[in-house]
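Q: Hi! Could you walk me through this structure while I have it open?
A: Happy to, let's take a look together.

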Amino acid sequence: MGVFSTNAVTDKGRILLAQSQVGSLFIPTKIVMGSGSMPSGATPRAMTALITPVVQLDINKKRTSEDGKVIIGGSFSNGNVSSSFYFRELGLYAKVKHPDGSFSEEVLYAYGNAGASADLIPAPPAAVIEKQIDLVTWIGSDTQIDLTIESGAYIPFTDKGAPNGVATLGEDGKVPAAQLPVMDFDPAGSAAAVQAALSGHTEDNVRHVTAAERTAWNAKAAGDHTHTAAEIGAATPAALNGYLPLSGGTLTGDLTIVKTAGAFWMKDTAAGRRSVIQQDQSGEGVALYNQLLDGSVGNSFKLLGEGAVLKDTVLIITKRAGSSTTYRLYGEHNKPTPADIGAAAASHSHGAGDITSGTLPVARGGTGAASISDTTYTTARYRASALVSTETNPTANGVINWTYE
């Protein structure tokens, strides 16, 4: 174990001590561990800082003695050490608070060096080291010192399991029984009172279920269960023969609706409309409606007819706006007239102005030719002729000029 035989209050520490003896408050601030060796010829009193600081400890102990000494301690763990080092230096830093409320600078108050007796502190995981580092130094009996420990500081190992200290934890993570107080108290006043309260609670059938109630409840059906039709008094499938189910089913025969102006409805509740196939009130036709669910008629088709040959069959189309258009349905017994379709009668005539193309034969009062002049000189046909007063050649082929006197 390292021996810090070379140690002293530094020169700056002595100035700080003098200030604390004339009214200033002495405040230890931190403990620093280091690995440096003192230079040749140097003394602890002349040191102003550690040569090679390694670890800073938060102060968790401040105790004074009657002989003018003070014990300042901190908890060390090598868990935050990145590499092994020799624990050769130990220093206490401090400052004072002046009566006017101002603070001095923080200085190295006391310094010690173990030299060749320094301990090697290995870095984890080679070993786990936790120890309490206590530093004893002199401050004098007239010095006013701040003994306040910062909240959250480490608990000294010397306080664990000691009177007026704190309990330790066993290997199971619990406080050992030897460090627990005697558990001989009775909050209810007596064991008999506790038993009476327990018996009253267990016999309270308002809060608890009796055996008979449990048996009756266990005999009930599960929340999610089914029944057959016979169990609920419903008709059997045989009794329902001839009837379509509410959902599904197949109709293989005719569907007869026996009702005046009977109707077949197909509703689409989600779309808010329905389609209707309905017999006309007069019984002479059938209508197909597309309606809203409030009964207002939308578009519709109505087919009306009379007699076996449907001579007067008509189709009436009604638009949503309410206007209707009637169309007559033609068939073998109800053929259209020429006028119905804009055609001429089988026997009819035309005026000359109606003939706008083609060649009219002589038999029909025409010339039989497309032109009154051409070069067919040897063909017998109607030709154009003109009367002239002097002998004149025709101006077009096939034209005959006549000279008059």
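A: A word on terms before we start: strands here are DSSP runs of E, at least two residues, numbered from the N terminus. Also, this is a predicted model.

Q: Good to know. Which strand gives the largest share of the lining of the largest pocket?
A: That's β10, with eight residues. β1 (6–9) and β8 (107–113) each supply at least two residues as well.

Q: Which residues lie nearest the centre of that pocket?
A: F4, L90, D134, L135 and V136, out of 20 lining residues. By class, the lining has 12 nonpolar, five polar and three charged residues. The space inside comes to about 380 Å³.

Q: OK, and what sheet is β10 in?
A: An open one of three strands, in the order β4-β5-β10, with antiparallel pairing. β4 (59–64) and β10 (130–138) are at the edges; each has a single partner strand, so one side of each has no neighbour in the sheet. From one strand to the next, the twist averages 20°.

Q: How many bridges link β5 and β10?
A: Nine, in the antiparallel sense. As one example, I72 has L135 in β10 as its bridge partner.

Q: Switching topic: is F76 buried or exposed?
A: Buried, because its relative accessibility is 1%, and the cut-off for buried is under 20%. F76 lies in strand β5 (residues 69–77).

Q: What is F76 in contact with, beyond its sequence neighbours?
A: Among them are M33, V55, L57, F85, I121 and E130. F76 and E130 are 54 residues apart along the chain, yet their C-alpha atoms are separated by 5.6 Å.

How values were computed. Residues numbered from 1 in each chain as written. Predicted model: local features only at pLDDT ≥ 70, side-chain atom pairs only at ≥ 80, totals over all residues. Heavy atoms only, no water. Helix = DSSP H or I, 4+ residues; strand = E, 2+ residues; numbered from the N terminus. Buried < 20%, exposed > 50% of the residue type's maximum accessible area, 1.4 Å probe, protein only. Contact = heavy atoms within 4.5 Å. Pairing = 2+ DSSP bridges. Axes fitted to C-alpha atoms, helices over the stretch in contact; angles between N-to-C directions. 1 Å grid on protein atoms, 1.4 Å probe; cavity = no way out; pocket = protein on both sides within 12 Å on 5 of 7 lines; lining within 4 Å. Points joined across faces, edges and corners; volume = space filled by probe spheres on them. Nonpolar A, V, L, I, M, F, W, Y, C, P; charged D, E, K, R; others polar. Lists of a residue's contacts leave out its neighbours within four places in sequence.
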